[in-house]
Amino acid sequence: MFRFAFLGIAFALLASAAAMAQSAGADEERWAFIDVVGAPGDGKEALENALSNQLLNRGFTVTGTPAAQAYEIQGMVRLFPAGRGEQTIRIDWTVFGPEGLRLGNVTQTNVIPKGSLDRRWGDAAEAAASAAAQDIMQYIAQ
């Protein structure tokens, strides 16, 4: 289990063991499509943009629509009641290869103040995407 701190909150990342993607050639262009569902506030856009930036920095071309040659990264955000004035957030990232096969999952969980992500995600999206990208990359051809 890896822990990443952001805004004084620890995000736990649990990566499932799954088959690694085949290595892409160094001169091959790599494409990715990112889709997030279930996030409150501006979470869909904030997480998609933050993860897109992480992949762009790693040499990917990020497309706004699914494409045959693209890896697809699906994010599912869920919120659950936690302690008094708190809620648990869970982000499940599923990585699919260009041929449509599921390559692996990355799960992030955290306890946050209730309603703190109902409007703007800001730095929380950046921190979540940065932490997730490290584990997502293990499933994408390097």
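These are my notebook entries from a look through this predicted model.

**Overall fold**

I started with the element count. The protein has 2 helices and 7 strands, and along the sequence they come in the pattern β-β-β-α-β-β-β-β-α. Among contacts with a separation of 6 or more, 67% are between residues 24 or more positions apart.

**Strand pairing**

Next I went through the pairings around β5. Which way does β3 run against β5? Strand β3 (residues 30–37) and strand β5 (residues 70–81) are parallel, with 7 bridges joining them. One pair I noted there is Phe33, whose bridge partner in β5 is Glu72.

On to β5 and β6 (residues 86–96). These two run antiparallel and share 10 bridges. Met76 has Asp92 in β6 as its bridge partner. The two strands make a hairpin with 4 residues between them, and Gly85 in the turn has a positive phi of about 75°.

β6 is also joined to β7, again antiparallel, this time through 11 bridges. I looked up Glu86 and found it opposite Pro113 in β7. The β6–β7 hairpin has 5 residues between the strands, and Gly100 there takes a positive phi near 90°.

**Helix α1**

α1 covers residues 43–56, which makes 14 residues. Its C-alpha span from first to last is 19 Å, close to the 20 Å expected at 1.5 Å a residue. I listed its buried residues: Gly43, Ala46, Leu47, Glu48, Ala50, Leu51, Ser52, Gln54 and Leu55. What covers the buried residues of α1? The cover includes β3, β4 (60–63), β5, β6 and α2 (123–136).

**Helix α2**

α2 also gave me 14 residues and a reach of 19 Å, close to the expected 20 Å. Why do I call α2 largely enclosed by the rest of the structure? Because 10 of its 14 residues are buried. Those are Ala124, Ala125, Ala127, Ala128, Ala129, Ala131, Ala132, Ala133, Asp135 and Ile136.

**The nonpolar core**

The largest nonpolar core has 32 residues, and the members touching the most others are Leu47, Trp93, Trp121 and Ile136. Two or more residues each come from β3, α1, β5, β6, β7 (102–113) and α2. Which element gives the largest share? α2 does, with 7 residues.

I followed Ile136 a bit further. Leaving out residues up to four places away in sequence, Ile136 touches Leu51, Ile73, Trp93, Val95 and Val106.

**Thr63**

Thr63 sits in strand β4. Buried or exposed? Its relative accessibility is 16%, so Thr63 counts as buried, the cut-off being under 20%. A polar atom of the Thr63 side chain lies 3.0 Å from the backbone oxygen of Thr65. Beyond four places in sequence, Thr63 touches Trp31, Ala32, Phe33 and Ala70. Phe33 is the residue I had already noted as partner of Glu72.

**Arg58**

Last entry: Arg58, in the loop between α1 and β4. With a relative accessible area of 29%, Arg58 is partly exposed. Its side chain makes a polar contact of 2.8 Å with the side chain of Gln54, one of the buried residues of α1. Which residues does Arg58 touch, not counting those up to four places away in sequence? They are Arg30, Ala133, Gln134 and Met137. I took the Ala133 case as a distance check: Arg58 and Ala133 are 75 residues apart in sequence, and their C-alphas are 9.6 Å apart in space. Ala133 is also on my list of buried α2 residues.

Note on methods: Residues are numbered from 1 along each chain as its sequence is written. This is a predicted model: local features need pLDDT of at least 70, side-chain atom pairs count only at pLDDT 80 or more; totals for chains, interfaces and linings use all residues. Side-chain values use heavy atoms; hydrogens and water are left out. Two strands pair if DSSP finds at least two bridges between them. Contact means heavy atoms within 4.5 Å. The expected span of a helix is 1.5 Å times one less than its number of residues. Buried means under 20% relative accessible area, exposed over 50%, partly exposed in between (1.4 Å probe, protein chains only). A nonpolar core is a set of buried Ala, Val, Leu, Ile, Met, Phe, Trp, Tyr and Cys residues joined through side-chain atoms within 4.5 Å. A polar contact is a pair of N or O atoms within 3.5 Å; within protein, one must be able to donate a hydrogen and the other to accept it, and residues adjacent in sequence count only if both atoms are side-chain atoms.
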